[in-house]
Amino acid sequence: MITITDLSYSIGKTTILDGIDLTLPKGGITALIGPNGAGKSTLLSLIARLNPLQNGRITVDDLTIGACSNAVLARKLAILPQASDTAPLLSIRELVTFGRYPYHHGRPGAADHEKVEQALETFGLAELADRRLDILSGGQRQRAQVAMTYAQDTDYILLDEPLNNLDIAASRALMGILQDLAKAHGRTIVIVLHDINYAAAYADLIVAMKDGKIAQTGTPDAIVTDDFLRDVFDTDPKVHRIDGKVMVEV
């Protein structure tokens, strides 16, 4: 469980997050959604200790962000930031091996190689493992990045807009893999998404943010309504329910 208490964050005189109190359950997929500038990526980066805390408290299970060592937290929580630069001449296997760094510190052993091969299989990359990143499609590169994060073998995986620049087939494939990791393998995935239909289709919990605050939380079926879209996104497409699933008009 990730517990966030009275969390605020500012850049200069601009308030990015304002008094966030939030509990993210262990297990399943939690989608952070909201308009641009709502504070989603900032919240994720603070949970992942990429930015230092200014005010408030974050705990991940029994670990307190800022009070525990990065080495300990790196075995509990992994993040793939929105802008993730990688050396283009690396192979997929070399990239995924970086995910094991908290364990091997530059000297991977048999257990690390086994985890890497498992990640390659899980993300459908085994046959491409020796290809360089610069000759891959955008979807393949993104899967490789997420596979690297998965190989870190943490209970919690944080992903910041992993569907950016992916077509519908690649997006559905990646979300399907993440859903399987959460349901069948007990991983907790917190993911920033722009497309509310992906959040509605794959997330167990939606956390909607607006103006640096939590606007609403709940299951997709419970909170995604016409009023919700007007209140959070200032727009008025219609919400439909098809075969028991929520879908927003585009």
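**A buried histidine, an open sheet and a helix pair**

H104 counts as buried, since its relative accessibility is 10%; buried means under 20% relative accessible area, exposed over 50%, and partly exposed in between, with a 1.4 Å probe and protein chains only. This is a predicted model, in which local features need pLDDT of at least 70 and side-chain atom pairs count only at pLDDT 80 or more, while totals for chains, interfaces and linings use all residues. Residues are numbered from 1 along each chain as its sequence is written, and side-chain values use heavy atoms, with hydrogens and water left out.

H104 belongs to helix α4; helices (H or I, at least four residues) and strands (E, at least two) are DSSP runs, numbered from the N terminus. Leaving aside neighbours within four places in sequence, H104 is in contact with T97 and D112, where contact means heavy atoms within 4.5 Å.

H105 is found in the loop between α4 (101–104) and α5 (110–122). H105 counts as partly exposed, at 48% relative accessibility. The phi of H105 is near 50°, a positive value in a residue other than glycine. A positive phi, of about 55°, is also found in D211, which is not a glycine. D211 lies in the loop between β9 (205–210) and β10 (213–218) and is exposed, with a relative accessible area of 61%.

The next topic is the sheet. Strands of a sheet pair through backbone hydrogen bonds, either parallel or antiparallel. Here, 4 strands form an open sheet in the order β2-β1-β4-β5, with antiparallel pairing; two strands pair if DSSP finds at least two bridges between them. β2 (14–24) and β5 (63–64) stand at the edges with a single partner strand each, so one side of each has no neighbour in the sheet. Strand β1 (residues 2–11) is joined to β2 by 7 bridges, and S10 has T15 in β2 as its bridge partner. Helix α1 (residues 40–47) lies across β1, β2 and β4 (55–60), running at about 120° to β1. Such axes are lines fitted to C-alpha atoms, for helices over the stretch in contact, and angles run from 0 to 180 degrees between N-to-C directions.

Finally, the axes of helix α6 (residues 138–151) and helix α7 (residues 168–185) come within 10 Å and cross at roughly 15°. That makes α6 roughly parallel to α7 (angles under 35 degrees count as roughly parallel, over 145 as roughly antiparallel, 65 to 115 as roughly perpendicular and the rest as oblique). In this contact, G139, Q142, R143, V146 and Y150 of α6 meet A170, L174, L178 and L181 of α7.
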